[in-house]
Amino acid sequence: MQNLVKHTLYLFLWITGLTAAMTLAGIGYTWFFSEAKELPHLEWLIGSVIVEVVAVILMLAKKGLKYLPDTQTDKEPKDTLKFMESFISTGTSAAVVSNRVSWLAGDDKLISILQSKIEKGTRIEIITPSEVPEALRKKLNGASFIVTKENVSPEARFTLVNGDRSGAEKLAIARGVHPDHEITIFDNNSGPQIIAMAKDIIRKSKELANAA
């Protein structure tokens, strides 16, 4: 859906640009081929049209793209792990919600990055329905493992960084499998309500884990 909106905006910008080009072509035709020889202030007219078109395009691009989330499609698991390393490193806290943790247990580099951030005071939370292997707990000493023990694994898979800093949150939602594994990244411009729902899911998961 996000890609459709973005492509629609791009199409609108192209139509605006083509319309401006046709307008300028008409003015040029009138200038060079018209019978009328006296065309006062034509250079100012052409200049104003160009400035107006450029201003409209820049304004639409700046305002419109600001409210669209970023997306990326990963072909291989290593691409997703590379993204996770970069994404988690941007925040002072990170909550990872996943229906399994095998992807994390097999990536020593990501574990090393997480452990380094933990040692620097970053709060790392990993929320999952199943018990976490003891070996992973030892590697991520200081991380909070929240096990909900749900019988039916949840479909939600996301990572929220800066969840404790209002206005600075970023949310990455994953869906699909490789080679069509899509990640959508929201911030407080592109998805404040979605970020709020992610916070609610994390809060509910903690309540469920405490009640288990």
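This report describes the fold, salt bridges, aromatic pair and backbone exceptions of a predicted model.

## Overall fold

The protein chain contains seven helices and seven strands. Along the sequence these elements follow the order α-α-β-α-β-α-α-β-α-β-β-β-β-α.

Of the 212 residues in the protein chain, 33% are buried. The accessible surface amounts to about 13,200 Å², and carbon and sulfur atoms account for 60% of that area. Counting contacts between residues at least 6 apart in sequence, 64% link residues that are at least 24 apart.

## Salt bridges

Twelve salt bridges are found in the structure. One of them pairs Glu 76 with Lys 78, with 3.6 Å between the closest N and O atoms. Glu 76 has a relative accessibility of 39% and is partly exposed. Another salt bridge joins the side chains of Glu 131 and Arg 137, at an N to O distance of 3.9 Å. This pair counts as a salt bridge because the limit is within 4 Å. Arg 137 is partly exposed, at 27% relative accessibility.

A further salt bridge connects Arg 203 and Asp 200, at 3.5 Å from N to O. These two residues are three apart in helix H7 (residues 192-211), which means that about one helical turn separates them. Arg 203 is partly exposed, with a relative accessible area of 40%, and Asp 200 is also partly exposed, at 38% relative accessibility.

## Aromatic pair

The search of the whole structure gives one aromatic pair. It consists of Phe 83 and Phe 87, whose ring centres are 5.3 Å apart and whose planes meet at 20°, so the pair is stacked. The cut-off applied here is under 30 degrees between planes.

Both residues belong to helix H3 (residues 77-88), where they are four residues apart, about one turn of the helix. Phe 83 and Phe 87 are both buried.

## Backbone exceptions

Most peptide bonds are trans, and most residues other than glycine have a negative phi. The positions below depart from one or the other pattern.

The peptide bond from His 178 to Pro 179 is cis, and its omega is near 15°. Pro 179 sits in the loop between strand E6 (170-175) and strand E7 (181-186).

Lys 149 is not a glycine, yet its phi is positive, at about 55°. This residue is in the loop that runs between strand E4 (144-147) and strand E5 (158-161). Asn 162, likewise not a glycine, has a positive phi of about 60°. Asn 162 is found in the loop between E5 and E6. At 5% relative accessibility Asn 162 is buried, because that class covers values under 20%.

Note on methods: Residues are numbered from 1 along each chain as its sequence is written. This is a predicted model: local features need pLDDT of at least 70, side-chain atom pairs count only at pLDDT 80 or more; totals for chains, interfaces and linings use all residues. Side-chain values use heavy atoms; hydrogens and water are left out. Buried means under 20% relative accessible area, exposed over 50%, partly exposed in between (1.4 Å probe, protein chains only). Contact means heavy atoms within 4.5 Å. Accessible areas come from the Shrake-Rupley method with a 1.4 Å probe; for residues, only the protein chains shown count as cover. Rings of Phe, Tyr and Trp (its six-membered ring) pair if their centres lie within 6.5 Å; planes under 30 degrees apart count as stacked, over 60 as edge-to-face and the rest as tilted.
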